[in-house]
Amino acid sequence: MPKAKPYKQIELESPIVDESRSPYCFRTYVSLFSSAGIGCYGFKEEGFYCIATVELLERRLKIQAYNQKCIYNSGYISGDLTTKEIKDKVFAELDLWKKGYNIKDLDVLIATPPCQGMSVANHKKKDELKRNSLVVESIELTKRIRPKFFIYENVRAFLSSICTDIDGKDKPIKQAIDNNLSGEYNIHFQVLNFKDYGNPSSRTRTLAIGVRKDLKEITPLDLFPNLQPEKTLRQIIGHLPPLNKMGEISKEDIFHNFRNYSPHMESWIADIKEGQSAFDNKDITKIPHSVKDGMVVYNAKKNGDKYTRQYWDKVAPCIHTRNDIMASQNTVHPTDNRVFSIREVMLMMSVPDFFKWSDLSFEKLNAMTSKEKQDFLKKEEMNIRQNLGEAVPTVIFRQIAHKIRNVLSKKEYTEQEITALIRKKKLVENGNLLKFIKENKTMNFAMLSKIAELANAQRFNNAAYYTRQDICFSIVKNLPDAKKFNTLNILEPSIGVGNFLPVLINKYKSVPNVNIDVVDIDKNSIELLKELIKKVDVPNNLTINYINADFLLHPFVKHYDIIVGNPPYMKITKDKALLEKYKTKIFNRETNNIFAFFIEKAMSLGDIVSLIVPKSLINAPEFNNTRALMSQRKIERIIDFGEKGFKGVKIETICFILNSKSKPNTTIIESYITDHIQKQEQSYITDNKFPYWLIYRNESFDKVAAKLQFNLFKAYRDRSITKANTKNVGKIRVLKSRNIGNNEVIDIPEYDCYMDDVSRFDVSKFLNKKNCYLLPNLTYSPRACKLPNNCITDGSVAILTLNDDSININEKDLAFFATKEFTDFYSVARNMGTRSLNIDNNSVFFFGKIKE
């Protein structure tokens, strides 16, 4: 495949390439509803390979072939994407590349489905529901293919238009995208006028960009095109020669042509100046009209931009499909009495000069006789113009492609490499670290902040951990929209080195006045942040106020619209005086973990509170009071990161978004464990008939719950018995987790252990006691048996005793705990946790007796 030629209208930085990231360094994409491939030609320019391109109309697909978009002819797929046949062809091409080039993942899926059903001017909305639902075909294929990135482009009204979703229900397109894809992707939706992002003409469109969640440190915000100065029409087409004669074709360029129209119409536009319409003519004979039965019938002036001469020194107008007629929108040249030529439209849509519209070379087309040129244009011009009117400007997709190529090619530093760098540069010394950040010109904010966090000598003392940019984005994207605020006050209560700031700044850059107060107990972190923030483009509307203080003790004097952050997770065990200070005015005094104190203070200071905290918040007994307090507010969202929130840190985390301005109703659960998103009634997942929140509760769980009588047991574990206390033989057997079977004790050679005397251990009180039942701790494979005589347990086994001795627990009850039905139920009951699986007096609630 030929290398991409340089594109003269935009300058892009060179990527930092890590050749080891891909065995062939292929970057690949699939394009759906691709028309003539004008937009995704930008991906070709950036060196991406097209695996498959799907277009309904053969005449459009041929143009893609002229431009050598695909390596294999089978990659050009013409047909209806709603059919199984066409979808199968797409997957056949993917399989071809996977086998032939060892391509494991598609890099990018692009979808630009037809937009007529979303047009504001379209009054046949019901008729267009099926057409709108073509976007659902894109969603379905995105789910099946699982590309690293997806890009959807469409009209301004795209997101609010109604489609028929995969589930058969009609809903707004944004909701359909979110429901189906936001479990696996971080997605950003934005309406842009492309004229502000490098395109030479006005074109307001919606972009939706998704980044698969397993791609660390990459957010959709990293991929959107850059804000750039507008260009005037004169700057774009002013160098082209004038065309004054109807039918004239430039000798140097077959596509710079004066398109014919009825000669009597020329007088309508001959005298109008820039910005004027033919309807502004004083001479009524020059106002657009027709003659019917000898009567003059004036054309209706439905839109003010028909027959309108454009301005040389303003941005070029939006290009529509009917750019061939003066009766369309903003099509009249600023000087010549004609519509814009094909070449002019190409330039206004940032289409490269070397883009081909024919299998003949540009040189051969230009060498044709005048008659041959006229015949060629008569046959091809309307197809070319319509494709241009429907296209994504090439420069927009090229910028996105360039950014995707860069983020995939840049070297990922491992924690070991960063540690070696810290050691080599002696970055644990704050002065050295500040100098390193200040002088570094190649690393971005995320990389430098990660180095700073790891280098901070106070890291383990203040329990701070680096929060990745993709994690920050997954939270900030769900905070209130910028358009809701004129003045916005944000508090980050434990800022560290400012991980949340770049995404907060980006989200709220359009708010007129933004104040962000950042707090940290570590003055070194504040100093580092002041240097790091210089690497971020901070707009003039935003002020950052630095507060070096203990958030829990600092006297705040203002109320905040939003409080967001990642507070420290640690228990105060030694400093009793400090602990008592922290607990002043605290509702939950049952815990010593300060993240719970952060939650309560944040709730007292902010309308919207969103914090990353340990997952134990939702189920541990010590946080019962914290959950009760939070349940009184609307829990808008819970994001379950599981163990995926912090690389190399064995802790499960969640994020919540609380809204004090709304009453509790529904809660969205976003799961990094299941890769799904669902909406539930808040009262359903926080139902107080269960001991804690059940964020994965569902109908299957409820069916099992209906069969069981709950809250029958107390749980006990003695963790003081260790291997050092036991031996291979003895008078009393010490049962461990692997010894517990389904209504039996399992003998395991070289695993079984014993003791002669257990009197000094608290667990001895259960020796030879009746109605004691055993469950292995820390497992999703529960099974149970009775405690035999002359046996005790170590801490890997929980001993259950009845709250009411009159309850009869039989072998059938115990056997149910080992069934798949109960195992699935128990997984939901434990919120699909991986670390917080201890059997305690909350979780033991779910081991019940089968109702008679």
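Me: Which residues of helix α25 (residues 820-829) are buried?
Reply: Buried means under 20% relative accessible area, with exposed over 50% and partly exposed in between (1.4 Å probe, protein chains only), and in α25 the buried residues are Phe822, Phe825, Tyr826, Ser827, Val828 and Ala829. Helices (H or I, at least four residues) and strands (E, at least two) are DSSP runs numbered from the N terminus. This is a predicted model, in which local features need pLDDT of at least 70 and side-chain atom pairs count only at pLDDT 80 or more, while totals for chains, interfaces and linings use all residues. Residues are numbered from 1 along each chain as its sequence is written, and side-chain values use heavy atoms, with hydrogens and water left out.

Me: What covers the buried residues of α25, and which residue with positive phi follows the helix?
Reply: Taking contact as heavy atoms within 4.5 Å, the cover of these buried residues includes α23 (699-707), β21 (708-709) and α24 (811-816). After α25 comes asparagine 831, with a positive phi near 55°.

Me: In which sense do strands β13 and β14 pair?
Reply: Two strands pair if DSSP finds at least two bridges between them; here β13 (residues 513-520) and β14 (residues 542-548) are joined in the parallel sense over seven bridges, and valine 514 has leucine 542 of β14 as its bridge partner. The chain passes from β13 through helix α18 (residues 523-532) to β14 in a right-handed β-α-β crossover, that is, clockwise from the first strand over the helix to the second when the strands point away from the viewer.

Me: Why does serine 494 count as buried, and what does it touch?
Reply: Serine 494, in the loop between β12 (487-492) and α17 (501-507), counts as buried because its relative accessibility is 18%. Leaving aside residues up to four places away in sequence, serine 494 touches Val519, Asp520, Asn566, Pro567, Pro568 and Phe598.
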